[in-house]
Amino acid sequence: MDKLLITGGSPLNGVVRASGAKNAALPILAATLLTKDLITIKNLPHLHDITTMLELLGSMGCGVVVDEKMSVQLDISTLNNCEAPYELVKTMRASILVLGPLVSHFGRAVVSLPGGCAIGSRPVDLHLRGLEAMGAKIDVTGGNIVATVDGRLQGARIFFDKVTVTGTENLLMAATLAEGQTVLENAAREPEVVDLAECLIAMGAKITGHGTDTIVIEGVEALNGTTYPVMPDRIETGTFLVAAAITGGKVKVIDTDVKSLEAVLAKLEEAGAKVACGENWIEVDMEGRRPNAVNISTAPYPAFPTDMQAQFVALNSVATGVGRVIENIFENRFMHVDEMLRMGADIEVMGNTAIIRGCDKLKGAPVMATDLRASASLVLSALVAEGDTKIDRIYHIDRGYECIEEKFGALGAKISRVLN
Ligand code: UD1
């Protein structure tokens, strides 16, 4: 199994381009199930999760043509089944995103119920309750969610008990072809939800209020094809910027979405970085300094994203002072901490809070990736550690970071993929 070998100690310097956002690309690919017209999605990141979603669409009989620039043309007119099997869902929970579009467009969906996950229990009850409110009949049998409706789904007023990103996306997609008006209250405001809504609007959907906590959808009878480019990845961008800050370097990320990173940039400035922004680029310059510790509390957008939490635990571990990081979204999202302790970090976890006392140096060690964002924090720790770090189970990293060794390598990191 591949591993990443990183020799720490070089400040990162240079320019890197942000890839397309995985978390926008996945719902947008699922949304193509809502039209029988040809549809083209551009700026897809080259990632395992994207391949899994394309494989899932292909397994339903959809025509999938990918070009070398990661544009994909999809033809749903050849769809011959509405099933997302366990083999694919177990490798990618976001497969649940096909549920809403399938039942709304074809009146039937069979989607394997996603099981537990490394970072917490992650139920999908709010997705199911919302579809039921729209008139779908939901049965869970043999580990599958079976959703059916006679005729069209019916518009409904749906209040989310908890802010859920993929839950909002599933019901947003389902509502576009429902009869009448749907109002989603306490909806997720994440930029990826907005990107999905913009793609649906380009397909002919009638949506207002996306980007706020109340989204209103007037159902239409059919959606049309379009060509839509996926937004840049704010989490990948943030990870490169933290890499600059943690190594005392200077990194400019281009072709990115500046506005979606406000909470992260504020924390980088607090950590002592000089942050400069243009229309579609961000530069972080640490001028060789050691970062100051920062306190973080994760919450739904526009607050600080849980997907950047692990990276800031890494930053705090070599900072001056003590940082407190509170994880409010997922119950078990500190698994990177045990691995970072192996590298000499001083971190204490109590419930959903990590207290990190910055140390002068981390030391390279063999460590194991446990989930996608945890693995990013191990790469960051390794970049600043003394000596070699070998990271095992990097398939987690490949789910979310495109060509990670090429991109970090181009910024001056000593990083390579090795077999043993
Ligand atoms: C999405 C992102 C993930 C990010 C997360 C939070 C994708 C593909 N993934 O995951 O990278 O970390 O948002 O920003 O976009 N919940 C329920 N019932 C539900 C649904 C969610 O209780 O039906 C809870 C979850 O357990 C969690 C919280 O709500 O505690 C937020 O989860 P949610 O926003 O749904 O995360 P995902 O959409 O799975």
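Helices here are DSSP runs of H or I with at least four residues, strands are runs of E with at least two, and both are numbered from the N terminus. The model is predicted: local features need pLDDT of at least 70, side-chain atom pairs count only at pLDDT 80 or more, and totals for chains, interfaces and linings use all residues. Residues are numbered from 1 along each chain as its sequence is written, and side-chain values use heavy atoms, with hydrogens and water left out.

Now take α5 itself. Its buried residues are Leu126, His127, Leu128, Gly130 and Leu131. Buried means under 20% relative accessible area, exposed means over 50%, and partly exposed lies in between (1.4 Å probe, protein chains only). These buried residues pack against α4, β8 (137-141), β9 (144-148), β10 (157-159) and α6. Contact means heavy atoms within 4.5 Å.

Follow α4 next. Gly107 lies in the loop between α4 (99-106) and β7 (108-112). Gly107 counts as buried because its relative accessibility is 13%. Leaving aside residues up to four places away in sequence, Gly107 touches Leu102, Ala147, Thr148 and Val149. Gly107 and Ala147 are 40 residues apart in sequence, yet their C-alpha atoms are 7.9 Å apart in space.

Turn to the ligand. Of the 18 residues around it, Asp125, Thr164, Thr166, Asp307 and Ile329 come nearest. A residue counts as near if one of its heavy atoms lies within 4 Å of the molecule. The shell divides into eight nonpolar, five polar and five charged residues. Here Ala, Val, Leu, Ile, Met, Phe, Trp, Tyr, Cys and Pro count as nonpolar, Asp, Glu, Lys and Arg as charged, and the others, Gly among them, as polar.

Which elements supply the shell? Both α5 (125-133) and α6 (165-176) give at least two residues each. The largest share, three residues, comes from α5. Domain 1 (3-19 + 232-418) and domain 2 (22-229) each contribute at least three residues to the shell. The domain bounds come from an automatic or database domain assignment.

A ligand oxygen is 2.7 Å from a polar backbone atom of Leu126. A ligand oxygen is also 2.7 Å from an N or O atom in the side chain of Thr164. For the side chain of Lys162, the distance from a ligand oxygen to an N or O atom is 3.5 Å. Taken alone, the ligand exposes 740 Å², and the protein buries 87% of that. Accessible areas come from the Shrake-Rupley method with a 1.4 Å probe.

Methods
Polar contact = N/O pair within 3.5 Å; in protein donor to acceptor, adjacent residues only side chain to side chain.
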